[in-house]
Amino acid sequence: MYDIAIVGTGPAGISAAITAKIRNKSIILFGSRTLSDKMRKAHLIENYPGFYHVTGEQLADSLSRHLEQMGIEITEKRVGAVYTFDDRFSLSAGQDIIDAKTVIIAGGIVNGRPIKGEEEFLGRGVSYCATCDGFLYKGKKVAVVGASEDAPAEAEFLSEICSEVLYFPAGEKLPKEAANIKVIKEKPAEIKGSMKADTLITDSGEYKTDCIFVLRDAVSPGTLVPGIELDGPHIKVNLQMETNLPGLFACGDIAGTPYQYIKAAGQGNTAALSAVRYLGKKQ
Amino acid sequence: MVKVIRRNEFEDVKKAGVAVVDFSATWCNPCRMLAPVMEELSDEYAGAVEFYNCDVDENGDLASEYGITSIPAIIIFKEGKATAKTVGFQPKANMKSFIDANK
């Protein structure tokens, strides 16, 4: 069991990991070795003290070196859900379950608007998780909106269970060719149905299915942490970065505006210190 | 204790004053996470509320009768009638509030 699990490798997550490591806690940092694509694409950052006129790429490389020098490793797994128990948290990452005494959520904000009808039908013919709900559609026809890195693999998984998989790619990567996977290069526009969703409408067609799997890289905070209290699209936090769930903290863009690198780094530091204090009180 | 429903056998649920039925499956991660929470709650509510687990693979008829499209789905039955439903894992305190508000 880790002392602190940190989700996200933007400035908030990295800063939290650095402070937690300095305070000698056992940590696991989930994210990507390239850190944050959003940060890497930033043209110029003018307000990060000590790094005047730095590009996102340069700042990301500096942060990477900082982690390396401190011996902090990045676990390249996508955390799909954080489950809250009385005495611990369990993070589900792919097929693995990892336990931690405290959690810091620094996963950034979800980009891209939901498809019309998507949220209305979630849990009623719309699913965000192929490995969770796939077996409910054994022998049936499903659609996959593939907007995440592992969407092609998840579509392949579904093709082993379902009779037919209609795959709507949002990126370049496609699932391996299979007799029952049909790639349709159209843009999903709306999800329709009555009691449950049964139709996916695109810019040029209409498809009847039993379930529509919408697979994105980032899930909304409410889906990521069942039971978390939100403030609009953000996780509700106080100045100590505490959420409504004791032992779970949030920082960076996911904790609200302004979306600034230096604010994210500062909040990450606060979140880590709050987690350290929480651990001290529990002992 | 959480009782297991087999072969679509739902008579006990219908007879119970208040019953909480957890529709789930062995292959579903959130369901596996929720199971110990329901087990603890069943002890806390012992004598007042009956708790059941209904595997949707084993009890396909019940799953379609109660319109289960996503799991875990938790349905509260009062005198045999489904009165409230919630979907997905929830921390114990939240699940407790859901049960208290609907029992």
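User: Is A:Asp198 buried, partly exposed or exposed, and what is the relative accessibility?

Analyst: A:Asp198 counts as partly exposed, because its relative accessibility is 27%. Bear in mind that this is a predicted model.

User: Which side chain does A:Asp198 meet in a salt bridge?

Analyst: That of A:Lys208, at 4.0 Å from N to O. The pair links distant parts of the chain. A:Lys208 is in strand β13 of chain A and A:Asp198 in strand β12 of chain A, 10 residues apart.

User: And A:Lys208, buried or exposed?

Analyst: Exposed, at 56% relative accessibility.

User: How many bridges join β12 of chain A to β13(A)?

Analyst: Three, and the two strands run antiparallel. One residue pair to look at is A:Leu200 and its bridge partner A:Tyr207 in β13(A).

User: What is the strand order in that sheet?

Analyst: The order is β11-β12-β13 in chain A, an open sheet with antiparallel pairing. The edge strands are β11 (188-193) and β13 (206-208), each pairing on one side only. The twist averages 25° from one strand to the next.

User: What about chain B: which side chain does B:Arg6 meet?

Analyst: B:Glu58, in a salt bridge of 4.0 Å, N to O. B:Arg6 is in the loop between β1 and α1 of chain B and B:Glu58 in the loop between β3 and α3 of chain B, so the pair ties together parts 52 residues apart in sequence.

User: Which residues are linked in a network of salt bridges?

Analyst: A:Asp86, B:Glu40, B:Glu44, B:Lys92 and B:Lys96.

User: Switching to helices. At what angle do α1 and α7 of chain A pack?

Analyst: About 35°, with the axes 7 Å apart. The crossing is right-handed. The contact residues divide into nine nonpolar, four polar and no charged. Among them are A:Ala16 in α1(A) and A:Gly268 in α7(A).

Technical notes. Residues numbered from 1 in each chain as written. Chains lettered and ligands numbered in written order. Predicted model: local features only at pLDDT ≥ 70, side-chain atom pairs only at ≥ 80, totals over all residues. Heavy atoms only, no water. Axes fitted to C-alpha atoms, helices over the stretch in contact; angles between N-to-C directions. Helix = DSSP H or I, 4+ residues; strand = E, 2+ residues; numbered from the N terminus. Left-handed = near helix turned anticlockwise from the far one by under 90°. Contact = heavy atoms within 4.5 Å. Nonpolar A, V, L, I, M, F, W, Y, C, P; charged D, E, K, R; others polar. Pairing = 2+ DSSP bridges. Buried < 20%, exposed > 50% of the residue type's maximum accessible area, 1.4 Å probe, protein only.
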